[in-house]
Amino acid sequence: MKKMLLAGAVALATISTAAVAAVSVIDGVGFVGKGDVQLAFGWNNSQLQKNASGLSFSYNDEASYEAVCTFTTGEGNRGEKIHNINHKTKTGVSSSVSYDARVRNQITGFNLTGLTNTVTIGGSVPVVGGACPGNAGHEGEWTAVTLVSSTGGLFVNYAGTAVALPNTPVLTTTI
C-alpha cells in the first residue's frame, strides 16, 4: 500500500511539474526541458529518445507594418498611399541534447547556445527613404513605417512540423 501511495505521489508531482514547466531562453541561449518538447508533440520518453536527433529550434516571427508611400503623379500632384505589409522570418537556434549524468543516454532537455541564420519567409520590411510602388506606375518613397503588430516566439521543429513553446519572448528587430 505504501508503494502505491509513493508511486501516486511521484506521478502527481511529475504531472504538476510538467503543467507549470517554462522554457527559459533569451536571445537563443537557455534550456528547454524534455517535458516541454514531449508535450508539444505528445511524445512519451521512448519517442523523445528516438526522435531527439531530428529536432531543431527556431524563433519564428510574423510582423505587420503600415507604410506610407509618397509619390508625385504625372500631373505633378503629390499623392500618398498606405500599404499594409506582412513580414515573416525564421531564425535558427543552435542546440545540443542534454543528458542525465547518472543515467546513461537519458535525455533531460536541450541546451540552446545561440542564434544562427535568419531567413525571410515572406515580405520585406519597408525602409523610410527607400523606393516604393506609388500609384498608377509612379515611383514613390516610403515616408513613414509603423510596426502594427508582431507575434511569434520559440518553436521546436520536427519532420516539417513547428510547435510554439511556452513562455518565450519574441525576438525583436529595431527599425
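View 1. At 24% relative accessibility, Y158 counts as partly exposed, a class lying between buried (under 20% relative accessible area) and exposed (over 50%), with a 1.4 Å probe and protein chains only. This is a predicted model, in which local features need pLDDT of at least 70, side-chain atom pairs count only at pLDDT 80 or more, and totals for chains, interfaces and linings use all residues. Residues are numbered from 1 along each chain as its sequence is written, and side-chain values use heavy atoms, with hydrogens and water left out. W43, at 13% relative accessibility, counts as buried.

**View 2. The aromatic pairs.** Rings of Phe, Tyr and Trp (its six-membered ring) pair if their centres lie within 6.5 Å, and planes under 30 degrees apart count as stacked, over 60 as edge-to-face and the rest as tilted; by this rule there are four aromatic pairs. The rings of W43 and Y158 are edge-to-face, because their planes stand at 90°, with the centres 5.1 Å apart. W43 sits in the loop between α2 (34-41) and α3 (45-51), whereas Y158 belongs to strand β7 (residues 139-158), 115 residues apart; helices (H or I, at least four residues) and strands (E, at least two) are DSSP runs, numbered from the N terminus. Ring pairs join F41, W43 and Y158 into a cluster.

**View 3. F57 and F110.** The centres of these two rings, F57 and F110, are 5.5 Å apart and the planes are at 55°, so the pair is tilted. F57 lies in strand β3 (residues 56-72) and F110 in strand β5 (residues 107-122), so the pair ties together parts 53 residues apart in sequence. Both F57 and F110 are buried.
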